[in-house]
Amino acid sequence: MTTEQGLLFGLLGLILGFLLWGRFRYDVVAFAGLLTAVVLGLVPAEAAFAGFGHPATVIVALVLVISAGLSNAGVVALVARRLLDADRPVPQHVAVMGSVGAVLSAFMNNVAALALLMPVDMETAKRAGRSAGVTLMPLAFATILGGLVTLIGTPPNIIIASIREERLGAPFAMFDFAPVGAVCALVGLVFVALVGWRLIPKARTETDPAARLQEMGAYIAELLVPEDWQHDGERTEVLFEAAEEADVAVVGVARDGKRRRGPLRYLQLRAGDVLMVEADPDGLDAFRPATGLVYEERDDD
């Protein structure tokens, strides 16, 4: 192994370590790795940014644009919600939602397809009274499998097609991957629907959503500045000492239904203002009487 090869493998290992650590953004890590490779002479300076003009990069960017367009237009959500049925047994539900996810990911980014279908899957689980953990992982696998079918379904297919064009003069066409990819996707979907979801650890599928909500620590509450408040006209910072003692965070102030702008600490408070605070129940019970704030009364009629 040459010195350059050793440095290259060491740099790749360092980049992988930072990505696994998760302390820094992945794009920052990747860009820093590229610059380090240039400084070490592992990548020629004139070719450092050549990858941004590679056809594979452009195609992936265009696929993301198409995905955003379909999402913003509401097309995918409309189709998916028509298929929402809480009465289906789990295998049938996984088969239906997985098929939709696979078809979508064949023509758009699989992460985008999963993001679009997740709310539908979670809503179905809620109506069926089961944990969403039973079906979310199978749905994720289904969107990955669907990407195998077409040229744009997954970045590796695009890269392989571009390499073939460089070496042989012609790339793979849109559905050249389908004979193999469709079979793999179909077999994978059948396995996930019939067997795969049963292999999910039991602890991940027995979560009671209502119980989890009760276990939540902090939540956002609204407190009203009353008419006879002792600190009327003073700045928000007058509340910070009590907030610190009760482990409460003041996150916003609204007046006349509109959130007030500017540094939160220096906003002047007056009767009728609504403070948005983040706190657990015990902290809120300690903070409210210490500051004289009250719960806002709402007319639900």
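Tutor: In this predicted model, confidence in the protein chain is highest in helix α9, at a mean of 93, and lowest in helix α11 (residues 209-215), at 46. The score is pLDDT, the predictor's confidence in each residue, from 0 to 100; helices are DSSP runs (H or I, at least four residues), numbered from the N terminus. Over residues 208-216 the pLDDT is below 50, and beyond near neighbours in sequence this stretch has one contact in the model, that is, heavy atoms within 4.5 Å. The protein chain averages a pLDDT of 81, with 85% of the residues scoring at least 70.

Residues are numbered from 1 along each chain as its sequence is written, and side-chain values use heavy atoms, without hydrogens and water. Local features need pLDDT of at least 70, and side-chain atom pairs count only at pLDDT 80 or more, whereas totals for chains, interfaces and linings use all residues.

Helix α9 spans residues 178-194 and includes Leu194. Leu194 also belongs to a nonpolar surface patch of about 580 Å², made together with Leu186, Val190, Phe191, Val195 and Leu199. Nonpolar side chains (Val, Leu, Ile, Met, Phe, Trp, Tyr) are joined within 5 Å, and like charges within 9 Å. Accessible areas come from the Shrake-Rupley method with a 1.4 Å probe; for residues, only the protein chains shown count as cover.

Technical notes: Patches are made of residues with over 30% relative accessible area and no salt bridge: like charges are joined within 9 Å, nonpolar side chains (Val, Leu, Ile, Met, Phe, Trp, Tyr) within 5 Å. A salt bridge is a side-chain nitrogen of Lys or Arg within 4 Å of a carboxyl oxygen of Asp or Glu. Helices (H or I, at least four residues) and strands (E, at least two) are DSSP runs, numbered from the N terminus.
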